[in-house]
Amino acid sequence: YSPFRLEAEGGASINIPNVTQLEYGELRVNNAATITTAQLTLVTNAILTADAATPNFGRLTNIDNSSLYTYNGGILRLTNVYRVSITNENQTWHAEDAGGLIDLSSLTNLWLGYYQALTVQAFAGGKVDLQRLANAPASVNVDARNTGSQVNLNGLKGRWKSAAYSPIRLETETGASISMPNVTQLEYAEL
C-alpha cells in the first residue's frame, strides 16, 4: 500500500478540477504553485501542507483523520469544517512562521478515539484558530513557542477534562500564548 502524493512548487500547477474527494494521501502546495483545490469537499486520512501558499479550500467540509501543516506564512483556511473525528492515528495541526495560519474558526466539535491524540502546535509566530471549539473531551496536546505564536481556544468553557488514555497537555514558552479564558477547571491534564 502506498498513498498518493500531490506536490507543486515554484510556479508549477497540478490541475484536478473534477476530483472532489481525496483520501489516504498527501497534498502539498509550495510558494507560487497551484493545485486545483476549490472543488474539494472531503480530504480524509491525509496530510495537507501550505508552504508560503494559500490554497483555496472554500468547499472543504471534512478533514477527519488528517494532519495540517503551514510554513513560511502559508495559510490553510478551513472555515467550512464544523466537526472533526480522529479515530485511527494521532494527528498534528502545526502552524509555523509569521503569517502562518490554520484557520478552523468554525470548528465546534472535535471527537478523538480513546487511544488517539491531537497535537496542536504554533511555532515561530504561527497561529491556530480554534475559537469556536466547544468540546474536546480527549487527549489534546497544545504547544505554543516563540513570540507571536498563538493558539485560540476561546470557545472552550468550564471544565476541560480528558476522558481518554492520555491527559490534556498545555505548554507555552518564549512569548507564545494559548488563549482559553473561559476554561475554569482542568482535569487529567498537564499545564
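Buried means a relative accessible area under 20%, exposed means over 50%, and partly exposed lies in between, computed with a 1.4 Å probe on protein chains only. Tyr165 is exposed because its relative accessible area is 52%. The structure is a predicted model, in which local features need pLDDT of at least 70 and side-chain atom pairs count only at pLDDT 80 or more, while totals for chains, interfaces and linings use all residues. Residues are numbered from 1 along each chain as its sequence is written, and side-chain values use heavy atoms, with hydrogens and water left out.

Tyr165 sits in the loop between β16 (158–161) and β17 (168–173); helices (H or I, at least four residues) and strands (E, at least two) are DSSP runs numbered from the N terminus. Contact here means heavy atoms within 4.5 Å. With neighbours within four places in sequence set aside, Tyr165 is in contact with Tyr114, Tyr115 and Tyr188. Tyr115 is 50 residues from Tyr165 in sequence, yet their C-alpha atoms are 5.4 Å apart.

Tyr188, one of those contacts of Tyr165, belongs to the loop between β19 (183–187) and β20 (189–190). Tyr188 counts as partly exposed because its relative accessibility is 41%. Its phi is near 55°, a positive value in a residue other than glycine. Most residues other than glycine have a negative phi. Asn31 also has a positive phi, of about 30°, although it is not a glycine. Asn31 lies in the loop between β3 and β4 (34–35), and it is partly exposed, with a relative accessible area of 37%.

Ala189 is in strand β20. Ala189 counts as partly exposed because its relative accessibility is 32%. Leaving out neighbours within four places in sequence, Ala189 is in contact with Pro167 and Ile168. Ala189 and Ser139 are 50 residues apart along the chain, and 8.8 Å separates their C-alpha atoms.

Ser139 is also touched by Gln116, whose other contacts, not counting residues up to four places away in sequence, are Ile86, Thr87, Asn88, Glu89 and Asn90. Gln116 lies in the loop between β11 and β12 (117–123). Gln116 counts as buried because its relative accessibility is 14%.

Ser105 is placed in the loop between β10 (101–103) and β11 (109–112). The side chain of Ser105 makes a polar contact with the side chain of Asp103 at 2.7 Å. A polar contact is a pair of N or O atoms within 3.5 Å; within protein, one must be able to donate a hydrogen and the other to accept it, and residues adjacent in sequence count only if both atoms are side-chain atoms. Beyond four places in sequence, Ser105 touches Thr79, Asp129, Gln131 and Arg132.

The interior comes next. A nonpolar core is a set of buried Ala, Val, Leu, Ile, Met, Phe, Trp, Tyr and Cys residues joined through side-chain atoms within 4.5 Å. The largest such core has 51 residues, and those with the most contacts inside it are Trp93, Leu104, Leu110 and Trp160. The largest share of this core, four residues, comes from β5. In soluble globular proteins, nonpolar side chains tend to be buried together. Among the contacts of Trp160, leaving aside neighbours within four places in sequence, are Ala136, Val140, Leu153, Ile168 and Leu170.

Grid points are joined across faces, edges and corners, and a volume is the space filled by probe spheres set on the points. The count comes to one cavity of 30 Å³ or more, and the largest cavity has a volume of about 40 Å³. Its lining includes Trp93, Leu110, Val140, Leu153 and Trp160. By class, that lining has nine nonpolar, no polar and no charged residues; Ala, Val, Leu, Ile, Met, Phe, Trp, Tyr, Cys and Pro count as nonpolar, Asp, Glu, Lys and Arg as charged, and the others, Gly among them, as polar.

The largest pocket has a volume of about 240 Å³. The elements giving two or more residues to its lining are β3 (21–30) and β5 (42–51). Of the 13 lining residues, Tyr24, Asn45, Ala46, Ile47 and Glu89 lie nearest the centre of the pocket. The lining of this pocket has five nonpolar, six polar and two charged residues.

Technical notes:
1 Å grid on protein atoms, 1.4 Å probe; cavity = no way out; pocket = protein on both sides within 12 Å on 5 of 7 lines; lining within 4 Å.
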